[in-house]
Amino acid sequence: MFRGAGYRFNRETFAIERHIVTSRKRKMKSALLVVLSFAAFAAYYFTYTDIMGLDTPKTAMLKQKGEELRSGLELLERRMDANNTFLLELQRRDNNVYRSVYGMEEIPVDVRNAGFGGVDRYKHFEMLPNGEFLAGLEQKMDVLYKKAYVQSCSYEDVVVLARKNGEMVSCVPAIPPVQLDNIHLSSRFGYRSDPFKGTPKMHNGLDFAGNKGEPVYATGNGKVIEAARNFFGYGNEVVIDHGFGYKTRYAHLDKILVKEGQMVERGEIVGELGNSGRSTGPHLHYEVSYRDRMVNPMNFFNSDLKGTDFEAMLKKENAGQNGQV
């Protein structure tokens, strides 16, 4: 089929002759032109990208956007690390100051740092570019949110106890258990020679030697949880649970003047100094425990509180408990 005619110069006859171009030849030329164009483009692309190491405009734009996104994520990661450092300081202060002041147990590290379990939680990042980085970032965020939640709950607990601060002040064993004018401190807290065996032994309280019948006072508000004869050496004893982690023991009493389950107030007489149990003479053995750990009772009261000052303090305590001002 003829699609058109053209003219060309015949070098043999030196004449211009009419030349017929078939559609098949035209198609072949067009196809050849397309193939050569693609080949030229491929050669140019190969030279531009692989040999010269350059990026195409579109690739360069995508890379730039990718770098901007990664920079933003890295900035977010640094901010998360800074927030985590700040949160660690809050946790340290919470455990060592706020919770300690109110006699609360520390929150274990494994509870504070617990994340969200299961590797499958971050599996969807595996097929993404920089998937490991993105999975690590999400995991950090999960742990940070968990820490913040635990800390928030802890502060709520502290606030509840802070509102009861007045009650706590009345419960802490903060006065001497006896009037010190008529008593002398015969044995301190710590290691000493056992009065019966002569061997070194830990003494978990204070011994106040005095006359039989001297009044023994509750050193803080609380509930009597023991008021009976102890057959393991303490003789007649009273144990008071003051709450907030505090307990006190009054041992070797001559008489017990309270009952188990009774609520007592600071300055109230709970017994009389005596010589019952494993004792070498009339004295009061006084102990303070905090969160089931024996502590030195001397840390809780003023040893110079004597005479009229002690009596005035007792009157003030009794007046406050009776609602007087």
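## Strands side by side

S8 pairs with strand S9 (residues 235-243) in the antiparallel sense, over 7 bridges. Strands here are DSSP runs of E with at least two residues, helices are runs of H or I with at least four, and both are numbered from the N terminus. Two strands count as paired if DSSP finds at least two bridges between them. One of the residues involved is Glu226, whose bridge partner in S9 is Val239. The hairpin of S8 and S9 has 4 residues between the strands, and Gly233 takes a positive phi near 115° there.

S8 also runs antiparallel to strand S11 (residues 263-264), with 2 bridges joining them. Here Gly222 has Val264 as its bridge partner in S11.

## How the model was read

This is a predicted model: local features need pLDDT of at least 70, side-chain atom pairs count only at pLDDT 80 or more, and totals for chains, interfaces and linings use all residues. Residues are numbered from 1 along each chain as its sequence is written, and side-chain values use heavy atoms, leaving out hydrogens and water.

Thr219 sits in the loop between strand S7 (215-217) and strand S8 (222-230). Is Thr219 buried or exposed? Thr219 is buried because its relative accessible area is 0%, and buried means under 20% (exposed is over 50%, partly exposed in between; 1.4 Å probe, protein chains only).

## The whole protein

The protein has 6 helices and 14 strands. Of its 325 residues, 33% count as buried.
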